[in-house]
Each structure stands twice: as C-alpha cells, then as structure tokens.
Amino acid sequence: MKRFNVGIIGATGMVGQRFLLLLKNHPRFNVVCLAASPSSAGKRYADAVKKWHLAEPMPEKFADFTVLDASADKKKIAAQTDFCFCAVNMKKEEIKKLEYEYAKLECPVVSNNSAHRGTDDVPMIIPEINPEHLEVISAQRKRLGTKRGFIAVKSNCSLQSYVPLLHPLKKFGIKQVAVTTYQAISGAGKTFETMPEITDNIIPYIGGEEEKSETEPLKIWGEVSDGKIVPAASPVITAQCLRVPVSDGHTAACFVSFEKKPSKEEIIKAWTEFSGEPQKLSLPSAPKKFIHYFPEDDRPQPRLDRNCERGMAVCAGRLREDCVFDYKFIGFSHNTLRGAAGGAVLLAELLAAKGYFDRT
C-alpha cells in the first residue's frame, strides 16, 4: 500500500493535537513535519505546545520534532510532503492566502479551516455524501496553474450532527428544516479549565455558525457545473447555534417537513441502510456503519455516544412526528473527530484512494 508523507500546519492547537493522535500509527500517512506560528518555530514540539488539551497523552514520536514556521518555511514544508493538513488560528483572509501559497507550491492542502468553504471551485466534502465534488479539483488546478496543488475542505463541525441524517431522506423531498445545535466547548478550542464562563451556563451565540449551518449544506448538496460547485436551491434551512457546557460532541435538535411524508419506519430504514464511498472503499478511518439509530428515549448523549465507532459515526434518536413539521429528531456527532480532524483525515484517505496525491 502506497504511503504519503504529511505535514500538519497549525500543529500546536487543539485540532492539530487531534491530528497527531489520529496519525501516529496511520497505515497510509506518515507525518514528517509540524508547523505553527513564528512564536513556536524552532522549538521542540513538546516545548511549543503550551497546553496539551486531549485526554490521551502526546505521542512520544512527535515530542522532539522541531516546529517549522508555517509561513516562512512554506517551500521547505512543501518539498518534504505529499500533502498537508491545515488547522491554523488566523484571520480568514490570511488563511486563504496561506492555503493558496501551499497549493501553488504543488502541495495539496486538506483544510479544517472555513476560509475556502465558500470558494466555488474548492470542494467541501463529507466523504459519505458528496465525493463526486472532487471532480472540481481539475478546474481549480487550472485556475491556480498547478499540476498537483489544490485545496479541499471539510464542512463546519456542527453540520455533521444533522446533515448526514437529512441526506438519506432527500428522496422523500425535504422542504423545510429547522435546527438548533448545542455545541461543545472544544469547538471553540476550549476546555472547562480555559472557559470557566461556560460552567452552569449556555451562551446563545457563536459567531458565524448560524449562517454556515444554513448555507453550507446547500453547497454540499449542489452540483459541479462548468468548473464550479453550484449550490442546491433547496431545502430552506433555519438554524440557531448555542454553546453548551459539554467537553466534546455537538447535538442537534432537528425538525423537517417533506414533499412526500415517509413513515417512521421508512426514515429509520433509510438511516440504518445508508453507506457511502468510504465504506465501499474500506477507508481506514471510515466507520463500518455511518449512521447509528438509538431507539431509547434518552439517546444519543455526548458522554455515552461521542466515541461511537471511534468518534466517526453519526448518531440519531428520538424520531417522532411533530405538530408543526412532519418529524423531529435528535442528531449527534463528535465535533473534533468526525467534525474536525477525523473528518479531514477521512477526506484525505478518499483523496489518496482516488489518486489526487499521486505524483506523475
């Protein structure tokens, strides 16, 4: 099996740390360099990390890596790697510029950042749902003037808690969706220690999240046409996003109306039988079963279900008819695994399987 040399840009942050845990023994991806801000550059990785945020300890194999400067050392990083993961904490325009620079150095970028999610020739992929959008990469390469370099992104972490549950139901004609997401503090890169204001509290605003929750699904469900991804025109989605005192795992309360109302049994069947390209290809990070439905009234729960299929499955429960919409249900996913680093690793596995990292 072909292996690829990988860099992690933004390696010292919470998502970067999660990448290291996921990649320490990966069968196809070999981490060869770590990059971060100028303040971390030149230090041992173990010294550069101000705080290790995750319960599993830092992998020893990365502790003595010398951290590179993500901006100043771009050429050095691109020369060492077949592609890079990017999870930096910078302003949006700075991220766009940085990712373009790596792509133009013929270093493909698999991004956890939001900067390029609205770029119409950058595929935004949930691998089980829209792998066909990868074909837009050829148009992006033409625009950038590259042979190998490109940017591919994963969607917003909160989408993973409800869009995968809506997708198998599209055959019934989804008309309207209302969703409220209850988002863990790790989505803000925080822990209870670093976010004391969340204790005994709910914060009813997360900047930009509601707009992303309403528009990003339409790009995911769009079509590639003339070298661009044209977003779907429907369904109409309205969203509210709350930060809640949960360490990991985003929950969604979702309400949906259909053109042709299915039975409860048809919905559960559509969920439990659904699988996608990652399952067909047996990608290393893919859950064997993408969607898990819980019949219990009190599931899914973050503490019980966040690690379902190593945190890569999407969970559903409490499906019932509604007096305003046709149905309502609860969705759930692990926001830093399926929703962030794990989703990006799965996207990279899909890109590798499809030959996008190959050198000709």
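The legends below accompany close-up views of a predicted model.

Residues are numbered from 1 along each chain as its sequence is written. In this predicted model, local features need pLDDT of at least 70 and side-chain atom pairs count only at pLDDT 80 or more, while totals for chains, interfaces and linings use all residues; side-chain values use heavy atoms, with hydrogens and water left out.

**View 1. An open sheet of seven strands.** The strands follow the order β3-β2-β1-β4-β5-β7-β6, with parallel pairing. Strands here are DSSP runs of E with at least two residues, helices are runs of H or I with at least four, and both are numbered from the N terminus. Two strands pair if DSSP finds at least two bridges between them. Because β3 (68–69) and β6 each have a single partner strand, they stand at the edges, and one side of each is left without a neighbour in the sheet. Look for β6 beside β7 (residues 151–154): two bridges join these parallel strands, and I125 stands opposite K154 in β7.

**View 2. Helices α1 and α5 against the sheet.** Helix α1 (residues 14–23) lies across β1 (4–9), β2 (29–36) and β4 (83–86), and runs at about 160° to β1. Helix α5 packs on the sheet too, touching β1, β4, β5 and β7, and its direction makes about 155° with that of β5. Contact means heavy atoms within 4.5 Å. Axes are lines fitted to C-alpha atoms, for helices over the stretch in contact, and angles run from 0 to 180 degrees between N-to-C directions.

View 3. N112 is found in the loop between β5 (109–111) and β6 (124–125). This residue is buried, with a relative accessible area of 13%; buried means under 20%, exposed over 50% and partly exposed in between (1.4 Å probe, protein chains only). Leaving aside neighbours within four places in sequence, N112 is in contact with V15, C86, A87, R117, K154, G339, A340 and A341.

**View 4. Strand β12 and its two antiparallel partners, β8 and β15**. Eight of the nine residues of β12 are buried. Eight bridges join β12 to β8 (residues 174–183), with V256 in β12 as the bridge partner of V177. Seven bridges link β12 to β15, where G331 is the partner of A252.

**View 5. L166 in the largest nonpolar core.** Such a core is a set of buried Ala, Val, Leu, Ile, Met, Phe, Trp, Tyr and Cys residues joined through side-chain atoms within 4.5 Å. Of its 57 residues, L166 and W271 touch the most other members, and helix α5 (residues 92–104) gives the most to this core, with five residues. Not counting residues up to four places away in sequence, L166 touches I174, V177, W221, C254, V256 and F329.

**View 6. Aromatic pairs.** The structure holds 15 of them. Rings of Phe, Tyr and Trp (its six-membered ring) pair if their centres lie within 6.5 Å; planes under 30 degrees apart count as stacked, over 60 as edge-to-face and the rest as tilted. The rings of F62 and F65 are edge-to-face because their planes stand at 80°, with centres 5.4 Å apart. F62 is buried, with a relative accessible area of 1%, whereas F65 is partly exposed at 21%. F255 and F325 form a tilted pair, 5.9 Å centre to centre with 50° between the planes; these two residues are 70 residues apart in the chain.
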